[in-house]
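Dear colleague,

My notes on it follow, and I would be glad if you read them with the model open beside you.

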Amino acid sequence: MPEKEVLLPLELWRVILNHLSVRDLCRCSQVCQEWRELVKSLDSTRWKELFLASKRWKHPNWPNYTQKEPSSWKDTYKVHHLASKQWVNRSVEVRCAPCLYLFRRRLDRRRIFRVGAGREFQTIKSAIASASPFDCILLQPGVYDEQHVLSLKFPIEICGEGELGDVLVQIAIEQQASTTRIQNIILQPGPQRSQTTLPVILKVGTGHVQVDNCVLEQGQVQVSSPGSIVVRYCTFNNACITLRSVGFSRIENCLFSTDETSAVVIEGLPPVTRQRPISRPIEDWMTSNGIDSLGLEDLYDLSVVDGDQGMKNGAKLMSGKAIEPQNEKCLVPPAKLPDEPMKGHNGSQVTVLTNDLSQTKTSLGVGCHTRRYYLDAQCREVVRSIHGCIVRKNRFCIGKGAVLVRRRGHAWIEGNEIGRLSHGIRCLTGAKVVILNNRIHDCETSGIFFRERSTGLVAGNHIYSNKEAGTDIRSGSDPILQHNHIHSGKRSGVVILDRGKGIIRDNDIYDNKEAGVYILYRGNPIVKHNRIWSGRAAGVAVTEEGKGHILYNDIYGMEWGGVDIRNGGNPVVSNNWIRDGHADGIVIGEGGKGVIMDNDIRGNSGCGVWILTVSKPLIYGNRIADCGDSGVALVSNSDLHHDNQQLSSQFSQSEQEEQQMQPLFFDEDLSSASNFDDHEQSIDLNGPRPDKNFACVDNNTIFDNAGHGIYFSGSEGLLIRGNNVHNNEGCGIKIAKPAEITIEDNSVCRNNSSGVSIEIACSANVSGNGIYGNRKHGIVVSGKGLIKENDVFCNVLSGVELRGPGDPYITRNRIQSTDHYGVNILENARGYVDSNDIYQCSAAGLYQHPDSTVLVINNRTIPVNTKNGRQVRIVNEGTNDCRHDPVGLDLDSPPRPLLPDKNSKFPRPAMSRISMSSSGNGHLVAGMTSCNGRSRFCVVS
């Protein structure tokens, strides 16, 4: 560099350096740090020009994102240059005399043999016969259609001269050397090609082959252990590649279109069994092959090992209601910010991370700025155990399918564009995969398919607009699906069936035509921390003996029920937020079971929970509010009758055809996966056990609903116990049809109608309740039953009103009304009023119509000195605390309902532990009436 007094401006130096070659630029960068920075500043000019000037290199982001420039053209040039030389490093040094050439031969002195018309050699075989190891065979433009298989027995490079497409080789190549490179040619089968199956155009049984910038047509590439292959920037036209028991091969930046088979078939257990470091799952192999970093670091912060620590450092939930998209292309998933952590939070290592509210995400994921998540121990174990082939940054656009992994094969599938195929990715018979950051869309069947005990990690993918499920899990498969966007499907988002398992967590599942998550036929997944929203059917549907644990999900804005359970479905639905749906929050149809526990169910247009009473669910500890109909409705009307349907026969037939069409040149027992053990997943939850004989609504808080708090119009038994029912527009609890009903230990207050209403011909046992502050009567009885040991205070009208023609027995209650009768017996009433304490204020404590036949005996009327017309008031009227104040009253027991206080003389029954074991297609049927007829819900059959 000249002295400072005579320094040229940097702009002039850049003009001068722009005329240098790659070699000269590298030498300049070694002069000093200042020169090095000056050479680096030419990244977007000279380095880009040098890269694009090479006819043998395609755009670094080909074939998917050619409009997007790499972060550094200089680094990209370096990677491509090193990759073109790495085939030499794969040579195996065998310590024997014939291989001494590996040590004494210098690659920069290798010879180039030109083949073609007017050249020294007319055929490829004659040139190879005269060549030495590591020489280059340069093919002139033309067609080479030699008759026999071309066997490569020593390391050699075969390159085509001119533009891609000028050199056509119609001959099968068999690799027998330690390493080979093939570049810039079109490979086709010879004239003797088979008419039944795709002929072999490249067979690798040993050594290593590197294929760069080629076109492979009308044939297949077969690779088997101990051979390996690297395929880069190639085009496959009606051609496929099959790899068996191959470790750490690579298919990168290729374009596939095939009509007969899956484009890439990976099968057989890879030979490597040693686990790799998590930060670089295949670090040594990547370094030796000039590969840039895999995408795991882009999605996950691998420096954090403990998921709990990750929760402390960065996990947070989005706040508020639904976020309106900024434009029609931006979709922002809704989220919530609870006032306090949800009940039963188990400190899971999986963090609930979402995008910043200021950042938007398009439906295709292009240009999205996403957070980095924390990878828990279970996912790390999956990543460390992958030793198979890498399929990355390819485009699969036309044909049967993209990638098929089977027979315990391993694969790392990353950054691919997979669209408009018959199917996307299939994992069969014990396959293990990592599927990362792909876009899978517009497939004729499912986007990702797991079958026969396949496992793996599916993360960071955009799966959308597929005609079947976005992801299909069955036959004992147990993958982990997390941080994916699964949306706009023509059917369900995720389907789990046929004893399929898996962990479905922290995904955005939205705008699917059918259920967001569909569990049936003994499917048993764990579905947690997902955001399921804006679907045109149910959020989660469980039917046909499906199980599962549905935990900590945000289910928002569904067209039908947020959760739909029927036909033997028996899940655990716990700690979810089910809100702002266009129909009911939870629907439990005929044959539905399960535990519905500790959920927030708010703002749904229909009921909070709608139950067909032939079902026997347990509704426990939920918060049900702001719904457009009743909080909990139990009805006897059957659903619209539809036959249960299996998966379409067309889908099953396509699977069989796929098996027949694949190139099965390897023999292996397909039933080997049946030797795997099948274990049920279970999660221990605190709560009461469900009863086999009747449904149970227990310990819920039901308030601010537009209908009744709890509405019963069914025909089966029901236990209503320990609920806090207040501020509903209708009655607190309304019994409209006869059945075996038990109403005990509930707090029913400040409802706009009566507290408890028992209609004509109905019967209920009402005991231990606190009923007060309702805008009409405390208890209205037109039917029959036993009403005992209740506290009925401060209701606007009568405390208890008997209307007849029922025959109830009312005993040992404490009854008071400030301005009306404590007990009001109308003309047609019958029954018994026995041994009650009736607190008399401004009106008479008891009034009986002269024509009634009610037997009134042993009641005690207690005059109370009033102050301003009231002697009993409601404590904390503006809160959810609905107890009455017993000051000034002579009570022989604590106020009802008795709270679950360990110091109470009358404690509530203790909770016991439960352990319940917890996977489609369907038709959608809408019943559009209210809870008094049919509820609005989704029938998934």
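I begin with strand S14, which runs parallel to strand S17 (residues 250-252) and is joined to it by 3 bridges; helices (H or I, at least four residues) and strands (E, at least two) are DSSP runs numbered from the N terminus, and two strands are said to pair if DSSP finds at least two bridges between them. Within this pairing, Val-231 has Ile-251 of S17 as its bridge partner.

Before going further, the conventions: this is a predicted model, in which local features need pLDDT of at least 70 and side-chain atom pairs count only at pLDDT 80 or more, whereas totals for chains, interfaces and linings use all residues. Residues are numbered from 1 along each chain as its sequence is written, and side-chain values use heavy atoms, with hydrogens and water left out.

**Confidence**

The chain has a mean pLDDT (the predictor's confidence in each residue, from 0 to 100) of 79, and 74% of its residues reach 70 or more. Two stretches call for caution: over residues 92-106 pLDDT stays under 50, and the model has 15 contacts there beyond four places in sequence, while over residues 306-369 pLDDT also stays under 50, with 138 such contacts in the model. Contact here means heavy atoms within 4.5 Å. Where pLDDT is low, the predicted coordinates should not be read in detail.

On its other pairing, S14 is parallel to strand S11 (residues 208-212) over 5 bridges, and Asp-212 stands opposite Arg-232 of S14. Because 5 of the 5 residues of S14 (residues 228-232) are buried, the strand is largely enclosed by the rest of the structure; buried means under 20% relative accessible area, exposed over 50%, and partly exposed in between (1.4 Å probe, protein chains only). Both of its faces are covered, with Ser-228, Val-230 and Arg-232 buried on one side and Ile-229 and Val-231 buried on the other. The loop between strand S13 (220-224) and S14 holds Pro-226, and the peptide bond from Ser-225 to Pro-226 is cis, with omega near 10°.

Asp-212 and Arg-232 also belong to the lining of the largest cavity, together with Arg-56, Trp-57, Lys-58, His-80, Ser-84, Arg-181, Asn-213 and Tyr-233. This cavity holds about 70 Å³ of space. A cavity is a set of points on a 1 Å grid over the protein atoms alone where a 1.4 Å probe fits but cannot get out, and lining residues have an atom within 4 Å of a point; points are joined across faces, edges and corners, and the volume is the space filled by probe spheres set on them. By class, the lining has 2 nonpolar, 3 polar and 5 charged residues, where Ala, Val, Leu, Ile, Met, Phe, Trp, Tyr, Cys and Pro count as nonpolar, Asp, Glu, Lys and Arg as charged, and the others, Gly among them, as polar.

Strand S60 (residues 741-744) has a covered face, formed by Ile-741 and Ile-743, and an uncovered one, formed by Thr-742 and Glu-744. It pairs in the parallel sense with strand S57 (residues 718-721) over 4 bridges, with Leu-718 opposite Ile-741, and likewise in the parallel sense with strand S63 (residues 763-767) over 4 bridges, with Glu-744 opposite Ser-767. In S57 lies Leu-719, which is buried at a relative accessible area of 11%; leaving out residues up to four places away in sequence, Leu-719 touches Phe-694, Ala-695, Cys-696, Val-697, Thr-742 and Glu-744.

**Loop residues**

Gly-460 lies in the loop between strand S29 (455-459) and strand S30 (462-464) and is buried, with a relative accessible area of 15%. Although Gly-460 and Asn-437 are 23 residues apart in sequence, their C-alpha atoms are 4.6 Å apart in space.

Asp-442, in the loop between strand S27 (439-441) and strand S28 (448-450), has a positive phi near 55° and counts as partly exposed at 28% relative accessibility. Ser-534 also has a positive phi near 55°, and at 29% relative accessibility it counts as partly exposed. Finally, a cis peptide bond with omega of about 5° joins Trp-62 and Pro-63.

With kind regards

How values were computed:
On a 1 Å grid over the protein atoms alone, a cavity is a set of points where a 1.4 Å probe fits but cannot get out, and a pocket is an open set with protein on both sides within 12 Å along at least five of seven lines; lining residues have an atom within 4 Å of a point.
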